[in-house]
Amino acid sequence: MKPQELPESGPAAALEALKQRACESVDLNAARLGALSRDIWSRPELAYAEHQAHDALTRFFSGGDLPGAAWAVQPRYKLGTAFRADWSTAAPQDPLRLAFLCEYDALPGLGHACGHNLIAEITVLGTPAEEQGGGKIDLIKAGAFDGLDVVFMAHPSQENAAYLPDVAEHDVTVKYYGKASHAAAYPWEGVNALDAAVLAYNNLSVLRQQMKPTWRVHGVIKNGGVKPNIIPSYTELEFYLRAPSRKELSVLTEKVENCFKSAAVATGCKVEIKGGENDYYNVLPNKSLQKIYKENGKKLGIDFISEDAILNGLSGSTDFGNVTFVVPGIHPYFYIGSDALNHTEQYTEAAGSQTAQFYALRTAKALAMTALDVIFKPGLLEEVREDFREVKLKEEEQTSPVEPRKESGVGEGACASH
């Protein structure tokens, strides 16, 4: 499979002309794209329940208002709130297949505090449930990424970066089972599940002294009992564990689970430890894509952070990391005109602003220009593939995925997990 060929006379000039046309197309549709983004922002929906966003996006691609050839839209593509929209011209028998991804799930109580309404500008594959569950991972398992050559998406942030080292993540739910009793009359008859939860929380706080600076453990107590005069017989915690690689995540997971188990032993409670359905993998970099994206972004006036800032900066986790293990891709971050931090009420407000639309559309142009480079620049596609092969091989030589543990019997101080 070969990239498309440009006219022999002035191929570089012809490529730049195509990029200019792509930027003009974004500008031409700015009002439609802004209205679509504000529609999604104004009606936030949680993971796997993004029905209104799904319908708005599929209507957008199915309508006849967009210039150029028609999109072939597949609503509810492999997942209830995913979709696929394909655009093509008269293509060779084995065409180059590029995909632009979008996210549109919101955060509980905060709405679009991660700016997912700003990731829907030039998308052909709608990927729900990034904040919880891992919709892209479900789509990988369902074969949605089969046959794709390169994937693109961008995410709102506080700065512009062609790459940030998003880390691997494992979530876990912990349940302690004790025995209820009257807390004043005969507390000695009870087995306090809240004590187990508190001990587990404190165990993790002590563990942090020996944790690597790049590791993260954070969680909440979701159920802490019923009333003060009843010894709590049941408590529940939810924690997220993060590390730069799957290998380190496996080490961290074992240490954290020991903290949970020891709290059960100390209090006489029974414990159940259950891992999430999908672990998020760290995002694999692709230097060739990053280099081209930065070159295009700078032409549009994007000011990127330094390499030192990238290496020393903090990041979160995304199910796009799993995508980068199956197909080459790029996941840049973009400034939206606000210094507010993601996952806050202030960022929710900023993501719905007209200012954010300007930066989102500028990023859409940079992505489109980068896609054109992949299609038309001789040798670039093979460089992208070679980067993918090398980085993936290096990663897989170091580690294997965090495998779910077989469920064991739930007993006193015992752990059932998967």
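Visitor: How many aromatic pairs does the count come to here?

Guide: This is a predicted model, and in it the count comes to 11 aromatic pairs. Let's look at one of them: the ring centres of Phe 100 and Phe 152 are 5.0 Å apart and the planes stand at 20°, so this pair is stacked.

Visitor: Which strands do Phe 100 and Phe 152 lie in?

Guide: Phe 100 belongs to strand S3 and Phe 152 to strand S5, so their pairing ties together parts that are 52 residues apart in sequence.

Visitor: Is Phe 100 buried or exposed? And what about Phe 152?

Guide: Residues under 20% relative accessible area count as buried. Phe 100 has 14% relative accessibility, so it is buried. Phe 152 has 0% and is therefore buried too.

Visitor: What kind of aromatic pair do Phe 358 and Tyr 359 form?

Guide: That pair is edge-to-face, with 5.0 Å from centre to centre and 75° between the planes. Phe 358 is partly exposed, at 48% relative accessibility, whereas Tyr 359 is buried, with a relative accessible area of 18%. While we are on rings, Phe 60, Phe 61, Trp 71 and Phe 83 make up one aromatic cluster.

Visitor: Now for nonpolar cores. How many residues does the largest one have?

Guide: First, the general idea: in soluble globular proteins, nonpolar side chains tend to be buried together. Here the largest nonpolar core has 34 residues, and those with the most contacts inside it include Leu 98, Phe 152 and Tyr 293. Several elements each supply at least two residues of this core, among them helix H1 (11-28), strand S3 (98-102) and helix H11 (354-376). H11 gives the most, with 11 residues.

Visitor: Which residues does Tyr 293 touch?

Guide: Leaving out residues up to four places away in sequence, the partners of Tyr 293 include Ala 162, Phe 304, Pro 332 and Leu 367.

Visitor: Which residues of H1 and H2 meet?

Guide: On the H1 side they are Val 26, Asp 27 and Leu 28, and on the H2 side Ala 30, Arg 32 and Leu 33. Sorted by class, this contact has 4 nonpolar, no polar and 2 charged residues.

Notes: Residues are numbered from 1 along each chain as its sequence is written. This is a predicted model: local features need pLDDT of at least 70, side-chain atom pairs count only at pLDDT 80 or more; totals for chains, interfaces and linings use all residues. Side-chain values use heavy atoms; hydrogens and water are left out. A nonpolar core is a set of buried Ala, Val, Leu, Ile, Met, Phe, Trp, Tyr and Cys residues joined through side-chain atoms within 4.5 Å. Buried means under 20% relative accessible area, exposed over 50%, partly exposed in between (1.4 Å probe, protein chains only). Helices (H or I, at least four residues) and strands (E, at least two) are DSSP runs, numbered from the N terminus. Contact means heavy atoms within 4.5 Å. Ala, Val, Leu, Ile, Met, Phe, Trp, Tyr, Cys and Pro count as nonpolar, Asp, Glu, Lys and Arg as charged, and the others, Gly among them, as polar. Rings of Phe, Tyr and Trp (its six-membered ring) pair if their centres lie within 6.5 Å; planes under 30 degrees apart count as stacked, over 60 as edge-to-face and the rest as tilted.
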